[in-house]
Amino acid sequence: MVSPVTGGSVSTSPSPSGLGGSGLGDVPLDRITLTGLRVRGRHGVLAAERELGQEFVVDAVIWLDVSEAARDDDVTRTVHYGELAEALAGIVGGPPMDLIETLAHRLVTACLRADRVMRAEVTVHKPAAPIPLPFGDVAVTVTRDRSTDPAPPVPPASDGR
């Protein structure tokens, strides 16, 4: 189902595999999906990528129980996907990282900051990656469960590149 407010989709699905340790037992989890978030960033190992920047595309899926929100018709009982989009855009548009793997990991960690989120999956697409051959897309997907998410990496000191 697509929300008329923000265009994100909300769907109900069975509990994703691997969530047995979440403490939810057999409670089904629902999904909020945000696809195609486009943000200009300066990520990459090449100096030109950091200087000129390029568009990154982010897809995010979060698993949570939205039954309270649906029952009470209350946005405070779910994850506000507009706020989630803003948080993810802030990371993509923020300080540069060498690897989109690092970027994807920081984005999935941001998704898990909401207490209601039990699992998150983020795909970072880099459609203008500096590859000297024709290609359709380069993407990295990171999936983490709340119970197994390691601490986020400490950002290195900026070297001014």
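# A guided tour of the chain

Take the whole chain first: among contacts (heavy atoms within 4.5 Å) between residues at least 6 apart in sequence, 60% join residues at least 24 apart. This is a predicted model, in which local features need pLDDT of at least 70 and side-chain atom pairs count only at pLDDT 80 or more, while totals for chains, interfaces and linings use all residues. Residues are numbered from 1 along each chain as its sequence is written, and side-chain values use heavy atoms, leaving out hydrogens and water.

**Stop 1: the overall layout.** Switch to a cartoon view and look for four helices and five strands. Helices (H or I, at least four residues) and strands (E, at least two) are DSSP runs, numbered from the N terminus.

Now show the surface. The accessible surface of the chain is about 8900 Å², with 56% of it belonging to carbon and sulfur atoms. Such areas come from the Shrake-Rupley method with a 1.4 Å probe, and for residues only the protein chains shown count as cover. Of the 161 residues, 40% are buried. Buried means under 20% relative accessible area, exposed means over 50%, and partly exposed lies in between (1.4 Å probe, protein chains only).

**Stop 2: helix α4.** Select residues 100-111, which make up α4. How many of the 12 residues of α4 are buried? The count is 10, so this helix is mostly covered. Among them are I100, L103, H105, R106 and C111. From its first C-alpha to its last, α4 reaches 16 Å, close to the 16 Å expected at 1.5 Å a residue; the expected span is 1.5 Å times one less than the number of residues.

**Stop 3: a nonpolar patch.** Next, select V45, L46 and L99, which form a nonpolar patch on the surface with about 250 Å² of accessible area together.

L46 sits in the loop between β2 (30-41) and α1 (47-52), and L99 in the loop between α3 (81-92) and α4. L46 counts as partly exposed because its relative accessibility is 42%; L99, at 41%, is partly exposed too. Although L99 and V45 are 54 residues apart along the chain, their C-alpha atoms are separated by 7.0 Å.

**Stop 4: two polar contacts.** Show the side chains of R50 and D98, which make a polar contact (2.4 Å). A polar contact is a pair of N or O atoms within 3.5 Å; within protein, one must be able to donate a hydrogen and the other to accept it, and residues adjacent in sequence count only if both atoms are side-chain atoms. R50 lies in helix α1 and is buried, at 8% relative accessibility.

Then move to D145 in strand β5 (residues 139-145). Which side chain does the side chain of D145 contact? Its partner is R119, at 2.4 Å. D145 is buried, with a relative accessible area of 8%.

**Stop 5: D73.** Finish in the loop between α2 (67-72) and α3, where D73 is found. Most residues other than glycine have a negative phi. The phi of D73 is near 50°, a positive value in a residue other than glycine. Is D73 buried or exposed? D73 is exposed, because its relative accessible area is 74%.

Key. Patch = residues over 30% accessible without salt bridge, like charges linked within 9 Å, V, L, I, M, F, W, Y side chains within 5 Å. Salt bridge = Lys/Arg side-chain N within 4 Å of Asp/Glu carboxyl O.
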